[in-house]
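I opened my notebook to follow a few side chains and strands through one structure, writing down each thing as I looked it up.

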Amino acid sequence: MENCLFCKIIAGDIPSAKVYEDEFCYAFRDINPQAPTHILVVPKQHVASIAEISALPADTLCALMGAIGKIAAQEGLSNGFRVVSNCGPDACQSVPHLHFHILGGRQMADQMA
Ligand code: 5GP
Ligand code: ZN
């Protein structure tokens, strides 16, 4: 997808701090971390948000969900972590390429928002 920030990051046209990659997904450190560990996991195939996730093939979905646990283990988040996917204006989604935030390394608030 042209002019998509995360497609450019996946392609290597914009540098990122990669933490994980496989055939279907890519993960990198958030540029503005909200926790000691803050990683974004994205499908290599462009979809705008979780509202369109059913457009992704099953193997991509499986890889995305599997990557979250692998990355959490790789990052040593044995005490837990939070996964967030903002969707659309009400959730303040700022980059319209589906991504899951992995947040960890500190105690999270006990409310979602
Ligand atoms: P959203 O607000 O859409 O849920 O999350 C987008 C995230 O992308 C934000 O947490 C923001 O800090 C991160 N971000 C925006 N631009 C860049 C960038 O160029 N590089 C990296 N690594 N993260 C970015
Ligand atoms: Zn994209």
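Predicted model: local features only at pLDDT ≥ 70, side-chain atom pairs only at ≥ 80, totals over all residues.

I then asked how many aromatic pairs the structure holds. The count comes to two. In one of them, the ring centres of F6 and F28 lie 5.3 Å apart and the planes stand at 80°, so I recorded this pair as edge-to-face. The cut-off that decides this is an angle over 60 degrees. Taken together, F6, Y26 and F28 make up one aromatic cluster.

I wanted to know how many residues of β3, which runs over residues 37–43, are buried. The answer is seven of its seven residues, so that I can call the strand mostly covered, buried here meaning under 20% relative accessible area. Looking at the directions of the side chains, I saw that T37, I39, V41 and P43 point one way, that H38, L40 and V42 point the other way, and that all of them are buried.

I next looked up the neighbours of this strand. Strand β2 (residues 25–29) pairs with β3 in the antiparallel sense, over five bridges, and within this pairing A27 stands opposite V41. Strand β5 (residues 100–104) also pairs with β3 in the antiparallel sense over five bridges, and there I102 is the bridge partner of I39.

Entry 3, the salt bridges. I counted three salt bridges, and I went through them in turn.

K18 and E21 meet through their side chains, with 2.8 Å from N to O. K18 has a relative accessible area of 48%, and is therefore partly exposed, and E21, at 35%, is partly exposed as well.

E21 also meets K44 in a salt bridge, again with 2.8 Å from N to O. This pair links distant parts of the chain, because E21 lies in strand β1 (residues 18–21) and K44 in the loop between β3 and α2 (58–74), 23 residues apart. K44 is partly exposed, with a relative accessible area of 29%.

R29 forms a salt bridge with E75, and their closest N and O atoms are 3.0 Å apart. Here too the pair links distant parts of the chain: R29 is in strand β2 and E75 in the loop between α2 and β4 (81–84), 46 residues apart. I found R29 partly exposed at 37% relative accessibility, and E75 partly exposed at 22%.

Which residues are joined into one network by salt bridges that share partners? They are K18, E21 and K44.

Technical notes:
Residues numbered from 1 in each chain as written. Chains lettered and ligands numbered in written order. Heavy atoms only, no water. Buried < 20%, exposed > 50% of the residue type's maximum accessible area, 1.4 Å probe, protein only. Helix = DSSP H or I, 4+ residues; strand = E, 2+ residues; numbered from the N terminus. Pairing = 2+ DSSP bridges. Salt bridge = Lys/Arg side-chain N within 4 Å of Asp/Glu carboxyl O. Phe/Tyr/Trp six-rings, centres within 6.5 Å; stacked < 30°, edge-to-face > 60°.
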